[in-house]
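My notes follow in the order of looking things up.

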Amino acid sequence: MKKIGIIGAMEIEVETLKSHMQIKNTITKASMTFLEGTLNGVDVIIVRSGIGKVNAGICVQILVDLFEVTHIINTGVAGSLNAAIDIGDIVLSTDTLYHDVDATGFGYPIGEVPQLGTLSFAADPQMIAVAKESCEKVNPDIKVFEGRIVSGDQFVSDPKVKETILSHFSDALCTEMEGAAISHGAWLNHVPFVIIRAISDKADDSAHMDYPAFEKAAADHSAKLVEDMIQNL
């Protein structure tokens, strides 16, 4: 029986989903509040992890250990790294990696965690396909992309930082702060996952202006997608 863990870093990314679920139990662990219940008839646990990689990784492990989730969905917002991807569009992860891990001194490529055996964390193909179908159904007016998402403990709002990220990962579609850590935790635990990102800004010097204006609309697009897709996993 499927039980889906749904993670958002910020309250705005999960508040709509929480308001639509039927809550059966509330548990606080590691200063995170986990809501257990159903959403559109599907067993879910919805949680705000907090921002950043450590919070995200801890959150995944609690979902696995305490709730024994069968799938993990991370919904949220991100900054676009590709000119073809506009504010409001959706990116679904094919894989994720860290843009701020640097062990090149030991011979590893930028982004690879030493001794882990992988550069990136591949999302579940079925979850990607279901998410894409749902997005096209519930958000017909926006574009949906599939590709690499990069993460780091940094809100990217400097064009030079954006250029540096792209110099290492030219195929990256967007950047944010939790997706790779959530993917990493799910990968270690052999739990299928997908990272869903609605674009809130262009990850450049306009980011500080774009983000507040568009984060709510972006989060709503993601929430509609998640509510539909969980019924088809």
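**Notebook: helices, cores and loops**

I began with E15, which is partly exposed at a relative accessible area of 32%. My cut-offs: buried is under 20% relative accessible area, exposed is over 50%, and partly exposed is in between, with a 1.4 Å probe and protein chains only. The model is predicted, so local features need pLDDT of at least 70 and side-chain atom pairs count only at pLDDT 80 or more, while totals for chains, interfaces and linings use all residues. Residues are numbered from 1 along each chain as its sequence is written, and side-chain values use heavy atoms, with hydrogens and water left out.

**Entry: helix 1**

I placed E15 in helix 1, residues 11-20. Helices here are DSSP runs of H or I with at least four residues, strands are runs of E with at least two, and both are numbered from the N terminus. I then took the C-alpha to C-alpha distance from E15 to V42: 17 Å, for 27 residues of sequence separation.

K18 also sits in helix 1. K18 has a relative accessible area of 17% and is buried. What does K18 contact, leaving aside its neighbours within four places in sequence? I found E11, L35 and I46. Contact means heavy atoms within 4.5 Å. I also checked K18 against E36: they are 18 residues apart along the chain, and their C-alpha atoms are separated by 9.9 Å.

**Entry: two loop residues with positive phi**

I looked up A30 in the loop between strand 2 (22-29) and strand 3 (32-39). Its phi is near 50°, positive although A30 is not glycine. A30 is partly exposed, at 45% relative accessible area.

N40 came next, in the loop between strand 3 and strand 4 (42-48). Phi of N40 is near 55°, again a positive value in a residue other than glycine. N40 is partly exposed, with a relative accessible area of 37%.

**Entry: helix 2 against helix 5**

How do helix 2 and helix 5 pack? I read an angle of about 30° between helix 2 (residues 53-67) and helix 5 (residues 179-188), with axes 8 Å apart. The axes are lines fitted to C-alpha atoms, for helices over the stretch in contact, and angles run from 0 to 180 degrees between N-to-C directions. The two helices are therefore roughly parallel; that label covers angles under 35 degrees. The crossing of helix 2 and helix 5 is right-handed, meaning that the near helix is turned clockwise from the far one by less than a right angle.

I listed the residues that meet: K53, A56, G57 and V60 from helix 2, and A181, I182, G185 and A186 from helix 5. By class, this contact has five nonpolar, two polar and one charged residues. Gly counts as polar in that scheme, Lys as charged, and Ala, Val and Ile as nonpolar.

**Entry: inside helix 5**

Is helix 5 largely enclosed or open? Eight of its ten residues are buried, so helix 5 is largely enclosed by the rest of the structure. The buried ones are G179, A180, A181, I182, S183, H184, G185 and A186.

I picked S183 from helix 5. S183 counts as buried at 0% relative accessibility. Beyond four places in sequence, S183 is in contact with T96, F121, F193 and I195. Just after helix 5, H190 takes a positive phi of about 60°.

**Entry: the cores**

A nonpolar core is a set of buried Ala, Val, Leu, Ile, Met, Phe, Trp, Tyr and Cys residues joined through side-chain atoms within 4.5 Å. The largest one has 68 residues, and I73, M229 and I230 have the most contacts inside it. Helix 2 gives the largest share of this core, seven residues. I noted a second, separate core of eight residues, including L81, V150, V156 and I165.

S222 is in helix 6, residues 207-229. S222 is buried, with a relative accessible area of 0%. Its contacts beyond four places in sequence are T75, G76, I90, I196, R197 and A198.

Last, I looked up G88 in the loop between strand 5 (71-80) and strand 6 (90-98). At 11% relative accessibility, G88 counts as buried. G88 touches I142, I199 and H221, not counting residues up to four places away.

Notes: Parallel < 35°, antiparallel > 145°, perpendicular 65-115°, else oblique.
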